[in-house]
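This report describes helix packing and a surface feature of one protein model. The sequence and structure are shown first, and the description follows.

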Amino acid sequence: STSQKHRDFVAEPMGDKPVGTLAGIGDVLGRKLEEKGFDKAYVVLGQFLVLRKDEELFREWLKETCGANAKQSRDCSGCLREWCDAFL
């Protein structure tokens, strides 16, 4: 099952949502991503797409970039995959 945050995110177009609206990304990881230039959810989506929607590669990137643990990176990649399935 998915979190409310996940369901809220995939329910509507991305627009200008901050990175912290992504499932699995809380305040701490959000700040770390922002510091590296990934301040919006669509910028993180861009990275997901650059990695050809490969969830394993994306989770590895998330871990290296902001220190996300297995659950956080899984939640985030699942959220982006489902969003892509709905909107792309």
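## Conventions

Residue classes are assigned as follows: Ala, Val, Leu, Ile, Met, Phe, Trp, Tyr, Cys and Pro count as nonpolar, Asp, Glu, Lys and Arg as charged, and the others, Gly among them, as polar. The model is predicted, with local features requiring pLDDT of at least 70 and side-chain atom pairs pLDDT 80 or more, while totals for chains, interfaces and linings use all residues. Residues are numbered from 1 along each chain as its sequence is written, and side-chain values use heavy atoms, without hydrogens and water.

## Largest pocket

The largest pocket holds about 170 Å³ of space. Here a pocket is an open set of points on a 1 Å grid over the protein atoms alone, with protein on both sides within 12 Å along at least five of seven lines; lining residues have an atom within 4 Å of a point. The volume is the space filled by probe spheres set on the points, the probe being 1.4 Å.

Its lining comprises 15 residues, and Ser1, Thr2, His6, Arg74 and Asp75 lie nearest the centre. By class, the lining has two nonpolar, seven polar and six charged residues. H5 gives the most to this lining, with eight residues. Helices are DSSP runs (H or I, at least four residues), numbered from the N terminus.

Two packed helices are described by the angle between their axes and the distance between the axes. Axes are lines fitted to C-alpha atoms over the stretch in contact, and angles run from 0 to 180 degrees between N-to-C directions.

The axes of H4 (residues 55-66) and H5 (residues 70-87) come within 9 Å and cross at roughly 130°. Contact (heavy atoms within 4.5 Å) involves Glu55, Phe58, Arg59 and Leu62 of H4, and Ser73, Arg74, Cys76, Ser77, Gly78, Leu80 and Arg81 of H5. These residues divide into four nonpolar, three polar and four charged.

H2 (residues 27-35) packs against H4 at about 85°, with the axes 9 Å apart. H2 is therefore roughly perpendicular to H4, a term for angles of 65 to 115 degrees. Leu29, Lys32 and Leu33 of H2 meet Trp61, Leu62, Thr65 and Cys66 of H4; this contact has five nonpolar, one polar and one charged residues.

H3 (residues 41-50) and H4 pack at about 130°, their axes 9 Å apart, so H3 is oblique to H4. Val44, Gln47 and Phe48 of H3 contact Glu55, Phe58 and Trp61 of H4.

Technical notes
Helices (H or I, at least four residues) and strands (E, at least two) are DSSP runs, numbered from the N terminus. Angles under 35 degrees count as roughly parallel, over 145 as roughly antiparallel, 65 to 115 as roughly perpendicular and the rest as oblique.
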